[in-house]
Amino acid sequence: MLVQSSRFRFRFLFPPIQKRIPSSLSFSVASSAMDSASPSMLFLCGKSSSEWEVAKSLKINDTLNLPNGGKVSALLQSEINTFRFGEYAFNVDLFLNSLSTKRFGRFLIWSPLLPSTHDVVSHNFCELPVGTVCVADTQFKGRGRSKNAWESPRGCLMFSFTLQMEDGKTVPLVQYVVSLAVTEAIQDVCDRNGFPFINVTIKWPNDLYLNGLKVGGILCTSTYKSKKFNVSCGIGFNVGNEKPTTCLNTVLKELSTTPNEFRREDVMAAFFNKFEMFYDIFINQGFQTLEELYYRTWLHSGQRVIVQEKNEDRVVENVVTIQGLTSSGYLLAIGDDNQMCELHPDGNSFDFFKGLVRRKLE
């Protein structure tokens, strides 16, 4: 039973080495590229004939749109080659040929320039097959936690996809499955290509780190309709854009003597191949089945933090040690007095948390 809620702040007693960086994932796109009056080109693509039929229907019926009256120009996969997008454009065929899923990622929406991939899938959720993914080469109104904006240029992998869930208690945990799938996908690409080991780690609840620097983030949002939760999951990850922090290819170059590079298409296909497997385990057996693997990847096991709690007109400091996650997905910690507690985020800050709520476990 959870009792005795109290607001508090904490700081790391022995924090992981992390360099302070700007809160944006990547540099801003040139303002000339942000002409909202121009329609966003959405190329509707699929792995099989069933997805192609969906694409044709969406185009014929002019179904898709963007929030706030944003204009869309829907085109088919076969029309991609009628344009010249350059060598940095997302290679749809490479992605689809590397994909081995039965549900996720098979229907693909690709755009060379888009306000937000998350807006495309969340705004059109009911018109799209569950498992649809939207990926953009550049986006200029990307979304982060607490309404933070993320502007991401060429070289960054930015995509959002849909899933549907019935049990509301498990919805908050799906972001951890997504985070785990990203880290495992990176390792899979390394193994398949003979790359050196690159250790991407998870900073709870939804950030991805490499060599102490933030290189990615996860955003999951949901709405409830017809007794189901419509969940939109967004991922931003620095694959080839080394600023403002670092990226996979910069670290790979430092570790490798050969001119190898990560490709966004390989990373995204590996993600969905991993995610579909993890998601099935998560739904059928619960997150606890994945916890051991998750804890190998996150930064916080055994981490000691100083908790600052207000007690009337005094501030009392106590030290707690992070043990893992509770069944509801919050941080499980233990005090030096052996009292177990649950830590809840209460706000959003680049420096972990501005404030939290602690609930003692009895």
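This is a predicted model: local features need pLDDT of at least 70, side-chain atom pairs count only at pLDDT 80 or more; totals for chains, interfaces and linings use all residues.
Figure 1. K203 belongs to strand 8, residues 200-203; helices (H or I, at least four residues) and strands (E, at least two) are DSSP runs, numbered from the N terminus. K203 is buried and has no salt bridge, where buried means under 20% relative accessible area, exposed over 50% and partly exposed in between, with a 1.4 Å probe and protein chains only. A salt bridge requires a side-chain nitrogen of Lys or Arg within 4 Å of a carboxyl oxygen of Asp or Glu. The nearest side chain of opposite charge is that of D207, 5.1 Å from K203; Lys and Arg count as positive, Asp and Glu as negative, and His and the chain ends are not counted.

**Figure 2. Lining of the largest pocket.** The largest pocket has a volume of about 610 Å³ and is lined by 23 residues, of which Y88, G240, N249, E261 and F262 lie nearest its centre. Helix 5 (248-255) and helix 6 are the elements that give two or more residues to this lining. Helix 5 provides the largest share, three residues. On a 1 Å grid over the protein atoms alone, a pocket is an open set of points with protein on both sides within 12 Å along at least five of seven lines, a cavity is a set where a 1.4 Å probe fits but cannot get out, and lining residues have an atom within 4 Å of a point. Points are joined across faces, edges and corners, and a volume is the space filled by probe spheres set on them.

**Figure 3. The largest cavity and its lining.** Two cavities of 30 Å³ or more are found in the whole structure. The largest cavity holds about 40 Å³ of space; L157, F159, V182, I235, F237, V267 and F271 line it. Strand 7 (156-165), strand 11 (228-238) and helix 6 (264-285) each give two or more residues to this lining.

**Figure 4. Q308 and N318.** Q308, in strand 12 (residues 304-311), is partly exposed, with a relative accessible area of 25%. The C-alpha atoms of Q308 and N318 are 6.6 Å apart, for a sequence separation of ten residues.

**Notes.** Residues are numbered from 1 along each chain as its sequence is written. Local features need pLDDT of at least 70, side-chain atom pairs count only at pLDDT 80 or more, totals for chains, interfaces and linings use all residues, and side-chain values use heavy atoms, with hydrogens and water left out.
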